[in-house]
Amino acid sequence: MADRSRFFRSELAGPMATAHSRAAARFMISPAVLLLLGWMIVPLSMTVYFSFLSYNLLMPGMEEFIGFTNYEFFLTDPAFFEALTNTILLVVGVLFITIVGGTALALLLDQPFWGQGIVRILVIAPFFVMPTVSALVWKNMFMNPVNGLFAHMAKGMGLEPFDFLAHAPLFSIILIVAWQWLPFATLILLTALQSLDQEQLEASEMDGANFGSRFIYIVLPHMSRAITVVILIQTIFLLSVFAEILVTTNGGPGYASTNITYLVYAQSLLQFDVGGGSAGGIIAVILANIVAIFLMRMIGKNLEA
Amino acid sequence: MARRVSNQRKFVVTLIAWAIGLTIFFPILWTILTSFKTEAEAIASPPSFLLFDWTLENYSEVNERSDYFLHFMNSVIISLGSTLLGLAIAIPAAWSMAFVPGKRTKDILMWMLSTKMLPPVGVLIPIYLLFRDFGLLDTRLGLVIVLTLINLPIIVWMLFTYFKEIPGEILEAARMDGATLWNEVVHVLTPMAVPGIASTLLLNVILAWNEAFWTLNLTAAKAAPLTAFIASYSSPEGLFYAKLSAASTLAIAPILILGWFSQKQLVRGLTFGAVK
Amino acid sequence: MTLFSRALLGATALTLVASPALAEKLTIATVNNGDMIRMQKLADDFTAKNPDIELEWLTMEENVLRQRVTTDIATKGGQFDVMTIGTYEVPIWGKQGWLVSLNDLPAEYDVDDILPAIRGGLTIDGELYAAPFYGESSMVMYRKDLMEKAGLEMPDAPTWEFIGKAARAMTDKDNEVYGVCLRGKAGWGENMAFLTATANSFGARWFDENWAPQFDSEAWKNALTFYLDLMEDAGPPGASSNGFNENLSLFQTGKCGMWIDATVAASFVTNPADSTVADQVGFALAPDNGLGKRGNWLWAWSLAIPAGTQKEEAAKKFIDWATSKEYLELVAEKEGWANVPPGTRTSLYENPEYQKVPFAKMTLDSINSADPTNPTVDPVPYVGVQFVAIPEFQGIATAVGQAFAAALAGNVTADEALANAQAITERTMKKSGYIK
């Protein structure tokens with residue numbers, strides 16, 4: 001069935017597709033493309049222009065062309081490499097937790113048990129919470145080393161409360177962000193799992209395959225595309241994590257939890273250095289596109305089949 | 001054939017699943033509970049779980065201080081408006097990408113997704129200047145436009161992956177019958193795509209509802225949605241956990257309820273083409 | 001399809017565009033602190049007196065609001081008619097001509113009644129650019145019972161040495177009592193407000209007369225080392241994430257022996273509804289080191305009108321109302337004298353009713369002992385006690401604040417933190433052309 005549909009599809013797209021349908025397709029795709037092109041080009045060209053100026057919003061009338069100084073300044077910022085590392089750690093860390101956790105949760109929720117619907121609702125709920133709210137709640141009510149719930153639990157067990165945001169700031173933020181994205185990963189992975197051919201699984205079970213090998217040879221390959229999708233979508237959002245950092249640590253202590261987006265924020269909206277912030281923005285776009293190219297390769301390979 | 005599971009195993013799974021589910025949900029539950037405490041109780045040590053004097057004073061305070069209904073309506077209009085507008089633009093685009101793919105279809109799709117990687121903080125000033133010149137500051141229309149553009153790539157992509165799963169022979173048959181493109185989209189494709197469209201709609205309403213950078217920075221008093229409502233309760237001088245919890249509960253409740261009721265819809269289409 | 005989308009666009013546009021109002025609408029942007037919330041609640045009094053003016057409020061937390069109004073005024077976005085800004089913004093914005101002068105407020109407003117230290121900070125070249133809504137300095141708040149238990153007595157004007165001794169004596173970590181709670185959370189308005197003011201009393205300064213950063217000076221090293229040692233010995237855990245609010249809740253729950261912070265905190269910690277130690281709080285001036293400067297700051301949340309607004313007259317009427325003597329009386333009548341916005345008018349402190357408020361005198365003395373135009377022991381080229389009124393300061397001080405927070409968290413040493421601070425500041429000052 002699947003094969004036949006693909007056959008027809010390629011026929012449609014191939015030599016038999018008429019000039020008429022091609023023109024129509026182009027016509028239908030154009031609003032989206034043009035809008036996004038506009039959305040990209042207008043602010044982007046303004047940003048590129050600003051990035052070559054010495055332009056502080058609080059000192060109007062002093063703008064002058066200064067070449068690549070803003071870029072040089074941003075790239076030589078002692079915080080830049082730490083921010084780059086943090087950005088990568090944040091994305092990878094959250095992806096790791098959500099995919100491993102999401103797979104485990106999906107396997108669990110796929111089992112029959114009492115109250116399945118309610119538990120599923122409980123698990124997806126964090127996805128509906130605004131990032132600012134979840135950051136505030138985690139920071140104040142859980143991770144606070146004096147009044148937070150974790151501190152109370154530690155004290156209850158006779159331990160010294162751990163100061164999450166001071167001594168493991170990036171890890172704490174990864175935890176908060178992962179909590180928000182775990183439901184998304186779980187949902188997609190669960191959907192994929194449910195489409196798994198049960199007969200195949202049962203056959204292998206009869207053949208004496210244990211859970212481990214069933215998981216590795218049947219379940220995981222089946223879910224690989226879903227995992228790719230989770231990686232792609234989440235990466236897009238995780239590269240620009242901002243509210244969680246602003247609310248919890250302000251990028252600190254030091255630069256321990258500053259990512260590129262936060263660095264751009266500090267430059268453009270704390271200092272109101274529009275020139276420097278714009279240069280940072282352009283650098284962030286370039287970095288994001290490098291990531292996008294990698295992702296494209298990966299998705300291309302995995303989604304084509 | 002359904003799998004047979006012993007009751008004992010089912011019991012164990014039930015226990016584990018409930019424990020994990022409640023753990024994940026706990027921060028939200030805790031926020032809701034805190035919203036019924038007084039400010040002093042909210043920071044009390046050790047905290048009380050259920051045995052405190054339940055009070056509604058935070059809700060009445062929030063209600064007195066801000067126009068919840070205005071912010072709520074703004075959130076509804078902005079998130080629904082941007083999603084519907086996005087769908088109107090994305091459906092034809094995704095249709096043609098799925099059924100008349102060209103050489104560059106994949107590139108266009110990836111390029112669209114990459115526009116989402118533009119860090120908003122870096123382009124606030126240019127956008128603010130544009131909005132000022134077009135008179136869009138503090139208007140719902142302005143936010144609808146921005147959020148449409150922000151979420152358009154995701155919408156196009158979700159629809160594309162869903163459309164791709166629709167068997168081609170149905171369209172072929174329709175074309176044989178002499179259906180025009182328009183008919184094809186409206187009468188053949190759309191009904192089949194409803195689950196995909198529904199979950200795309202839901203996901204994007206959620207994303208737009210929770211968007212907290214543009215909605216905060218491009219509005220003032222008139223068009224501000226619930227994200228701005230939250231910002232007026234976070235971190236003042238003085239105690240604020242309880243009031244913030246009440247405001248948060250009010251802000252997330254609508255979307256939480258929507259999400260819960262439409263859970264099945266959301267899941268059905270949330271495959272991104274990953275399910276075969 | 002385009003027809004469809006066009007129709008949809010049109011329909012959306014129709015429902016989305018706000019309809020124009022008949023009465024004059026003032027949009028007021030303000031901070032979500034208690035005094036401003038009270039103003040919003042009492043605003044019926046204003047609209048009753050001015051039925052042709054309608055008020056619309058945007059209330060937000062400080063940092064979001066600051067970013068919001070700064071973007072708007074610098075781009076001439078015109079979204080607000082009245083803005084709540086602080087003593088940091090007023091000199092910078094006033095110089096740019098972004099604010100409407102308030103020199104022509106009516107005689108009954110009695111501008112001479114405004115406390116001179118506050119008025120000085122809001123006046124540039126003889127023009128008053130903002131009217132103070134409430135003013136604050138910083139002072140020591142301490143627990144009388146714990147001080148007694150430690151066998152010490154707090155003088156009205158303590159030295160840092162005494163604070164250090166008392167803090168260590170009051171600390172009882174097993175019972176979660178920490179001798180002193182100080183700000184540690186990074187931010188130019190958080191730890192750097194405290195540390196800059198403290199450094200002033202140690203004889204340090206941000207810049208010398210030629211704008212050369214001074215973090216490599218002995219005075220800064222003394223100030224930072226003193227702070228780090230004190231927090232290590234007598235501070236609460238997690239101090240590097242503690243700002244005003246975190247310390248407030250610590251103090252209110254009885255976990256701090258002393259707390260040096262904003263004078264407005266006095267009304268919170270003495271309020272029995274929120275504070276478990278309300279009847280045990282004493283007040284003293286911020287400490288000094290015998291160098292002639294105390295470690296207290298000066299801040300005033302003030303109302304200003306952005307230049308170019310169409311509604312200047314109505315906006316002035318509102319500011320006149322919100323910062324008038326009558327407003328103070330209105331609050332006193334409805335909520336009691338302790339809740340009156342403090343620190344703006346001489347007449348308030350001369351009022352015998354207000355003098356009964358326990359923290360009134362200490363607040364006034366603290367405000368009067370701060371001098372934004374002459375904040376440091378050595379001369380400086382800038383205005384501002386706990387800040388430097390130049391546009392670059394927010395960014396620099398937040399980054400420096402991060403460096404110091406890292407030292408407080410124990411990730412770097414005091415010397416490393418100061419070297420980082422020096423490097424950060426030099427870079428930005430060079431880029432902005434202050435120094436070569």
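1. Of the 305 residues in chain A, 51% are buried. Please keep in mind that this is a predicted model.

2. On secondary structure, chain A is made of 14 helices and two strands. Its radius of gyration is 24 Å, well over the 19 Å that the globule rule gives for 305 residues, so chain A is more spread out than a compact globule. The C-alpha trace of chain A covers about 75 × 75 × 30 Å along its principal axes.

3. How do the contacts within chain A divide by sequence distance? Taking those between residues at least 6 apart in sequence, 70% join residues at least 24 apart.

4. Now to the partners, beginning with chain B. Here 88 residues of chain A meet 84 residues of chain B. On the chain A side, helix α2 (residues 19–51) gives the most, with 17 residues. That side of chain A, sorted by class, holds 64 nonpolar, 20 polar and four charged residues.

5. Chain C also touches chain A, and this contact takes 31 residues from chain C and 30 residues from chain A. On the chain C side, the elements that give two or more residues are α4 (62–74), α11 (244–252), α18 (393–408) and α19 (414–431) of chain C. The largest share, seven residues, comes from α18(C).

6. Which classes make up the side of chain C that touches chain A? There are 14 nonpolar, 14 polar and three charged residues.

Terms used:
Residues numbered from 1 in each chain as written. Chains lettered and ligands numbered in written order. Predicted model: local features only at pLDDT ≥ 70, side-chain atom pairs only at ≥ 80, totals over all residues. Contact = placed C-beta atoms within 7 Å. Helix = DSSP H or I, 4+ residues; strand = E, 2+ residues; numbered from the N terminus. Nonpolar A, V, L, I, M, F, W, Y, C, P; charged D, E, K, R; others polar. Rg over C-alpha atoms; globule rule 2.2 N^0.38 Å. Buried ≥ 20, exposed ≤ 12 C-beta atoms within 10 Å, placed from the backbone.
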